[in-house]
Amino acid sequence: MTSLASPVAADSATAIHDSLRRFRRSADWKPLEYLFWCLPVAAYFLFPGNYLLLSQIAVTSLFALSLDLIFGYAGIISLGHAAFFGVGAYTVGLLGMRGMGDPLTGLVLAALFAAILGFFSSFLLLRGSDLARLMVTLGVALMLYELANKFSGITGGVDGIPGIEIKPVLGLFEFDLYGRTGYIYAVVVLFVLFWIARRIVHSPFGQSLRGIQMNAQRMPALSVPVNRRLVAVYTLGAAYAGVAGAVLAQTNQFVSLSVLGFENSADLLLILILGGTGRLYGGLIGAIVFIVAKHFLSDLNPQYWQFWLGLALVLLVMYARGGILGTASKWLEKRRQRAQSRPVGGAA
Amino acid sequence: MNAVLQTHGLVRTFGGFVATDHVDLAVQAGARHALIGPNGAGKTTLINLLTGYLAPTEGRVTLMGEDVTRMPQHARCRKGLVRTFQINQLFGDMTVLESVAMSVSERLGLGASWFKPLAACGEAVDEAAVILQRLGLLSDAYETTRNLAYGRQRLIEIALALAQHPKVLLLDEPAAGVPTSESRELFEVIAQLPRDVTILLIEHDMDLVFRFAERISVLVSGALLLEDTPEVIANHPRVREVYLGEAHG
């Protein structure tokens, strides 16, 4: 459409080119991100006695990442994300009981079954308000919980599935008692899926999800089939949650009914909001803070640790909206602006 | 002459209220067509029926000869029927460049691609920048949308629509809420659009309408009162009555 207005002059073409340089680099990895991914490596050497706790952080991070995809990016709020986590965990458990304990096959099948459940339940969420979505997601998870409870012949009911036999990763790396292999495995799975999620949120598809969250009404007027995108991301988020559940079952070699429980869904939402939504790293940072805090606070006072959790939640909503990352980025932005408004070379 | 956008006996009722009353509207290819009418005449309802936001109670809508009455909004948009909104419908937390690049990428059919970053989709980004430059928005490319003045935001509203390569562009009061000086600038942008874009303008400001339109339809109480050239409309007794009546009552 060159006839839109006067032809673009050569110097303004360079102006356009220059002004786009920054945008073209906007999806590049930032120095802070490299630094962040040094953390799990550093933790491996610094806390060799805590691999089980560290694996738990990795699994919860992945789970929170899956919720961030659907809630942080597409704006679909969920109080029942544990449904998909649980499907993933039980997939591994039931396969393991039948001697099919290959970890990677387990991950793929867990993702597949969770995705199938996600795909079909997504249609219940298309027209709803936030409240309706909360109730529907909660309802689906409750039903699944009670089904797993009722059909104890298959799932083991409240006793769960103990002693799942998981084969060595790639036939080489045996899951050991100290959880060393488990931790490395969990971090590698987390990183690979994080890397894919990062590609996704920066893609045109990911951008359209943000668009839907900010203004769903406008999107059809930009040729966007909103419902199809929501189904796609909900299915994807479910698959991610399924993998998280699978990794938990594999590293613990045990599945209990609690993976499907309400508390699992509610804690997850809290973790994501604590860390900050729609930023990919929010869930990861939320998971680190939440699990470490839980570890120390429940050591201090096993019965009442949730008091501190509740207090943190209230303070967060009152004074630090946007969670840890949201607050940090606001603070950085303010500092940047202040630096800009200062006169150049001014002695004052 | 051939109509690119046409309605056939279009009716929409809300309960007992008839918002659109057997409207037969034909917008010719390349037209600069305006739709006017007093407040509550059903202009926005008609736009919503044309774009598919609302379903008609009766009647049909055809776009370039094709019946699109049952076609969802996004599919009509893909066929070139593009609208802007009377009240800004923007993406507050996106930068200007991001939102326009998103619109271009959707038109290019990249919206379902999930692996390559939007920022690396050269074609989409370049075109977004060209659109911003033509609307004088390039200097604000990295501003967050919500931080811009309302008049600037009105331009983004148009930029998002232009990124869709409209064949028929429905402008719903593009100058609403904008000071007069800026609305003139806005209309210069609109006047410069090429003739292969057919424009249907809904507008309240008669000065703007008479300067821009070559064809005017008057909507009163949901029904088309008449359609003619600006000269005839301006001197038509019924139109004067409707508008004067409104001014006095």
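Two strands count as paired here if DSSP finds at least two bridges between them. I needed that rule for the sheet in chain B of this predicted model.

**Entry 1. Sheet in chain B**

I looked up the strand order and found an open sheet of six strands, running 7-8-9-4-10-11, with mixed pairing. I then asked which strands stand at the edges. They are strand 7 (81-83) and strand 11 of chain B; each has a single partner strand, so one side of each is left without a neighbour in the sheet.

**Entry 2. Strands 10 and 11 of chain B**

I went on to the pair at the end of that order. Strand 10 (residues 215-220) and strand 11 (residues 223-228) of chain B run antiparallel and are joined by five bridges. I noted two facing pairs. Val218(B) has Leu226(B) as its bridge partner, and Val220(B) stands opposite Ala223(B). The hairpin formed by these strands has two residues between them, and I found Ser221(B) there with a positive phi near 50°.

**Entry 3. Positive phi in loops**

I kept in mind that most residues other than glycine have a negative phi. I therefore listed residues that depart from this.

In chain A I recorded Leu280(A), whose phi is positive, near 65°. Leu280(A) lies in the loop between helix 11 (262-275) and helix 12 (281-300) of chain A. Is Leu280(A) buried or exposed? I counted 22 C-beta neighbours inside 10 Å, and the cut-off for buried is 20 or more, so Leu280(A) is buried.

In chain B I recorded Glu173(B), which is not a glycine and has a positive phi of about 45°. I located Glu173(B) in the loop between strand 8 (168-172) and helix 6 (180-191) of chain B. With 21 other C-beta atoms within 10 Å, Glu173(B) is buried as well.

Notes: Residues numbered from 1 in each chain as written. Chains lettered and ligands numbered in written order. Predicted model: local features only at pLDDT ≥ 70, side-chain atom pairs only at ≥ 80, totals over all residues. Helix = DSSP H or I, 4+ residues; strand = E, 2+ residues; numbered from the N terminus. Buried ≥ 20, exposed ≤ 12 C-beta atoms within 10 Å, placed from the backbone.
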